[in-house]
Amino acid sequence: MSANASGGSGRLIRWLGVASLPCVLAVGFAAAGGWLSPHRVTQNTMLAALRGVDGAHPGFRRNHAKGVCVAGWFEGNGQAASYSPAFVFDTKRVPVIGRFALAGGMPYQGDAPGKVRSMALALKGPGGQEWRMGLNDIPVFPVSTPQEFQALQQAVRPVAATGKPDPLAVGAFRTAHPWLASAGKALEERPITSGFENDTYLSLDSFVLQGVDGRSTAIRFAMVPEEARFADMPGKGKNASFDQLDEAISAHPLRWTLVLTLAGADDAVNDPSRIWSGQDKQITAGTLTLTHLASEAEGDCTDIVFDPLVLPEGITPSGDPVLQARSATYMRSFAERSREKHPRPAFDPAVSPSEKTGSESVSSEKAS
């Protein structure tokens with residue numbers, strides 16, 4: 001294998017941590033689109049593909065398995081109200097339950113600066129309305145359809161002989177999907193901040209704001225931190241970035257700005273693997289404030305399915321097949337883990353530092 005091919009294979013393998021978005025991708029869109037069959041993507045084949053990479057870990061989310069609950073509020077500023085009457089764009093404060101996590105299905109994996117981080121949120125409005133979202137700190141999704149996602153998982157799963165992906169399978173995927181090279185390059189070159197607390201999280205998928213005047217506006221959105229730091233990395237330790245998040249939120253509330261990006265004429269609204277123009281109009285819509293963490297052992301986020309199709313009045317899905325597909329997988333993942341015993345999570349902010357050291361050794365044993 002040439003050096004160039006080897007480097008490309010390594011890049012594709014690293015995509016796995018990116019492609020494993022919050023309990024990602026399966027057959028919601030398949031059923032709706034009419035292409036569901038035993039020979040194509042199904043809930044079972046998708047979840048089997050995820051297990052094939054990171055193994056089975058009963059009781060945990062099938063993806064973004066290592067995480068911690070968070071809570072706070074969101075307050076809109078009214079600047080997006082002309083585009084949509086959704087409650088989040090009003091000027092009232094609403095409660096938020098959320099979750100920070102690392103991509104991948106291994107609940108006891110060690111922290112590392114390059115790991116893909118996620119922010120999942122449930123904004124709770126009047127009359128039982130909610131806006132649930134799953135955001136990630138990457139610029140694009142590495143594939144554009146559920147079929148490509150499943151094929152990617154199958155290509156990078158470890159083989160028994162080496163415990164690593166088969167280079168031939170990885171190379172075959174790259175050859176069959178040459179148009180995804182630009183997405184892979186963007187993922188490789190993304191800036192990495194020092195931790196969860198100062199990272200930018202993006203929707204990746206597109207949505208549509210429905211105005212009271214009948215106007216429809218396609219958007220992507222992001223939570224942008226008050227201050228992003230790129231120089232300082234977390235300290236050493238299995239839960240270093242979670243410990244750092246705990247210290248930061250204990251010192252003061254953490255804040256992000258909700259920034260809406262309005263699609264331009266040439267933007268690919270229905271393809272999450274495509275980057276939009278840097279010239280698109282943006283609107284600052286409000287501020288997210290997070291004030292405390294809680295272990296998933298008893299936190300309010302534990303039984304929430306952060307389904308991105310749970311949307312308030314005034315916001316609708318785009319035609320992005322990845323977005324449409326995620327909902328069914330989230331629900332299937334939840335149904336499976338709800339029947340299983342809830343094991344001890346890797347990180348608990350209520351545990352003292354000395355106890356955490358002991359729990360890390362236990363976690364390591366469980367992960368092996």
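**Ring contacts and the disulfide**

The charged end of Arg-215 sits over the ring of Tyr-83, 4.6 Å from the ring centre. For such a contact, NZ of Lys or CZ of Arg must be within 6 Å of the ring centre and within 35 degrees of the ring normal. Arg-117 lies over the face of Phe-196, at 6.0 Å from the centre of that ring.

The model is predicted: local features need pLDDT of at least 70, side-chain atom pairs count only at pLDDT 80 or more, and totals for chains, interfaces and linings use all residues. Side-chain values use heavy atoms, without hydrogens and water, and residues are numbered from 1 along each chain as its sequence is written.

Nine aromatic pairs are present in the structure. Rings of Phe, Tyr and Trp (its six-membered ring) pair if their centres lie within 6.5 Å; planes under 30 degrees apart count as stacked, over 60 as edge-to-face and the rest as tilted. Phe-242 and Phe-347 make a tilted pair, at 5.5 Å centre to centre and 35° between the planes. Phe-242 belongs to helix α7 (residues 240-251), and Phe-347 to the loop between α8 (321-338) and α9 (353-367), 105 residues apart. Helices (H or I, at least four residues) and strands (E, at least two) are DSSP runs, numbered from the N terminus. Phe-242 and Phe-347 are both buried, that is, under 20% relative accessible area (1.4 Å probe, protein chains only). One aromatic cluster unites Phe-100, Phe-196, Tyr-201, Phe-242, Trp-256 and Phe-347.

One disulfide (cysteine sulfur atoms within 2.5 Å) is found in the whole structure. Cys-69 and Cys-301 form this bond, with sulfur atoms 2.0 Å apart. The S-S torsion is about -75°, so the disulfide is left-handed.

Terms used: Buried means under 20% relative accessible area, exposed over 50%, partly exposed in between (1.4 Å probe, protein chains only).
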